[in-house]
Amino acid sequence: MKKLGFGLMRLPMNGASIDIEQVKAMVDKFIEKGFTYFDTAWMYMGFASENAAKEALVDRYPRDSFTLATKLHSGFFDSLEGRDKVFNEQLTKTGAGYFDYYLLHGIDKGSLSKYEKYDCFKWLLDKKEKGLVKHAGFSFHDTADVLDDILTKHPEMEFVQLQINYLDWESEWIESRKNYEVCVKHGKPVIVMEPVKGGSLAKVPEEAEKLFKAADPKRSVSSWAIRFAASLPGVMTVLSGMSTLEQLEDNTSFMENFVPLTEDEQKLCFKVADIINSQTAVPCTGCSYCTDGCPQHIAIPQYFSLYNEIMREDMEKKGWTISFSNYDALTQTFGKASECIACGQCEEMCPQHLTIIDYLKKVSGRFDH
């Protein structure tokens, strides 16, 4: 299997709906290039990603010609029966018949107790025994000691999906390196998510971009991030949430005949990480897990992105940037940052464990007037 997976989380849109014809074109190109791994989940794209997988992939290609992964998230079941209700609906939504890879989704300290309460690890093995799942694993968002405990207790899990990128490699919150090393210790293959950190590593500060272009003017900025993750021993595939055909063509161009980073190229990535970290106010990946249950309908990831942009600007010289107009435009549809009621549901859902409530106060201080 080639080491690039198609993440069906940030698909192209046509108004309020997924642009399924563009998704079909992207799927066709992906398969034409020899890639086979597709990753979806219950709640991706407003619960429509699995349906899109059926229409663009499952209904159009022989079942043995592709690999499909999906997930059970702790936020969408509250009983033993609830696990099966989600799973059976996923089979219906995708029409896949079985899942090549099935994951307990986004495990951290908070959700682990729920997965254990409802015996989800054994439940997943039962699905495997019945032929409904080929490979059982989980995605993970917490510290390395928690991951080590899980893999020690559940050696039957076959793989782990981790957030790995050169920006989070030494992060005290994400612990990309430490979690990766735990998987190596336990002999578990790794699937990488967020290699481009929600697209933020496709658009880096000018100083950082110049370093990449000086090293190889032909390669895109995002290619460095994906190749960094794919170069790690034990990484099975790297997921990229591609939203345009151009992104897909770029990614497949350098992953079709993948060449790992050299030691010097890896060091360059870490140098770029230092530059980015010095200029990033809120390390949000834009996954939008936080927004579905927000009672105030606050556009949290968009506001954080705008906040990061103005924090990189020399505000003393400019005083005003287009980010202020963009914020005002968003508030015509969504709640202002100042309207946060600190209910905390967003922080419970955030895989990055961000203190979203505090960050929204900072956003409000900049934009609300």
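These legends describe close-up views of a predicted model.

Local features need pLDDT of at least 70, side-chain atom pairs count only at pLDDT 80 or more, and totals for chains, interfaces and linings use all residues. Residues are numbered from 1 along each chain as its sequence is written, and side-chain values use heavy atoms, leaving out hydrogens and water.

**View 1. Eight parallel strands close into a barrel.** The order is β1-β4-β5-β6-β7-β8-β9-β10. Neighbouring strands are turned by 30° against each other on average, direction ignored. Axes are lines fitted to C-alpha atoms, for helices over the stretch in contact; angles run from 0 to 180 degrees between N-to-C directions. Strands (E, at least two residues) and helices (H or I, at least four) are DSSP runs, numbered from the N terminus. Strands pair if DSSP finds at least two bridges between them.

**View 2. Strand β4 pairs with β5.** Three bridges join residues 37-39 to residues 67-73. Tyr37 stands opposite Thr67 in β5. Helix α1 (residues 20-32) packs on the sheet, touching β1 (4-7) and β4. Contact means heavy atoms within 4.5 Å.

**View 3. Tyr37 and Tyr101 form a tilted aromatic pair.** Their centres lie 5.4 Å apart, with 50° between the planes. Rings of Phe, Tyr and Trp (its six-membered ring) pair if their centres lie within 6.5 Å; planes under 30 degrees apart are stacked, over 60 edge-to-face, the rest tilted. Tyr37 lies in β4 and Tyr101 in β6 (residues 99-107), so the pair ties together parts 64 residues apart in sequence.

**View 4. Lys93 lies over the face of Trp42.** The distance from the ring centre is 4.5 Å. The criterion is NZ of Lys or CZ of Arg within 6 Å of the ring centre and within 35 degrees of the ring normal.
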